[in-house]
Amino acid sequence: MSNVVVLPHRDEPLPPAPDEHPVLRRWARRAVRLVTAIIGLTVVFTAAVLALGLVFQGAFLWLSPGASFIGGRPEGVEGAVPFGVLPWPTRLAYAANFTVNQIPILAVLYDLRALLRDLAAGTVFAEGHAYRLRRIAFWLLACAAAPILGQVLVRTVGHAVDLAWFRTSSLHALLLAALLIVLAELVRAGQMIKHDRDGFV
């Protein structure tokens, strides 16, 4: 009969399971390495800026209306102020503002790496994927709101130079968050279809 399957003997090794989604797993592994490197660089950059601003008396840091710079005095930029001449309360407020802006970025990268690790392991349409996508969307919303909260703190303390409370990147973060919320629902629907399919087997 054609539907008879010959079982292996007890001492015979079972044949290896086929590698499902090899292309997806390969690219996900590469993406994990890339995101891990970006996380490391972001942490180093954040620590370096905070050290320059708070430990080294604002050396090589400059603020101007709507922008900030690292290095020597920016040429052709009006209103550039060395960070070190600001009062300490204002410096601390700007440090808190910078930290508030960096934390959501690191959280997005952390959750993205976790999602990519699941994909690299061959887990597709897992129940936790929709949850992770919604978490990334939440942190993107936090990225969009962080400049506003930071500016409230800086303006409350006073002596503010950079008064930009909304950036183009905030709009990009909002659009990407909306896209990820839709994608999370799509993944959830795919998981339900998978469950229904497996239930008929």
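Skip the neighbours within four places in sequence, and Ser64 is in contact with Phe69, Val77, Glu78, Gly79, Ala80, Val161 and Asp162 (contact means heavy atoms within 4.5 Å). Bear in mind that this is a predicted model, where local features need pLDDT of at least 70, side-chain atom pairs count only at pLDDT 80 or more, and totals for chains, interfaces and linings use all residues. Residues are numbered from 1 along each chain as its sequence is written, and side-chain values use heavy atoms, with hydrogens and water left out.

Back to Ser64, which sits in strand 1. Helices (H or I, at least four residues) and strands (E, at least two) are DSSP runs, numbered from the N terminus. Ser64 counts as buried because its relative accessibility is 2%; the cut-offs are under 20% relative accessible area for buried, over 50% for exposed, and partly exposed in between (1.4 Å probe, protein chains only).

Now look at the loop between helix 1 and strand 1 (61-64), where you'll find Phe60. Phe60 is exposed, since its relative accessibility is 54%. Its backbone deserves a glance too: phi of Phe60 is near 65 degrees, a positive value in a residue other than glycine. Most residues other than glycine have a negative phi.

His159 gives you another positive phi in a residue other than glycine, near 60 degrees. This histidine lies in the loop between helix 3 and helix 4, and at 57% relative accessibility His159 counts as exposed.

Helix 1 itself covers residues 22-55, and Thr42 is in it. What does Thr42 touch, leaving aside its neighbours within four places in sequence? Its contacts are Gln102, Leu106 and Leu109. With a relative accessible area of 13%, Thr42 is buried.

Leu141, Ile148, Val152, Trp165, Phe166, Leu171, Leu174 and Leu175 make a nonpolar patch of about 730 Å². Patches are made of residues with over 30% relative accessible area and no salt bridge, joining like charges within 9 Å and nonpolar side chains (Val, Leu, Ile, Met, Phe, Trp, Tyr) within 5 Å. A salt bridge here is a side-chain nitrogen of Lys or Arg within 4 Å of a carboxyl oxygen of Asp or Glu. The areas come from the Shrake-Rupley method with a 1.4 Å probe, and for residues only the protein chains shown count as cover.

Helix 3 (127-157) and helix 4 (168-199) each supply at least two residues of this nonpolar patch. Leu171, one of the patch residues, lies in helix 4. Leu171 is partly exposed, because its relative accessible area is 41%.
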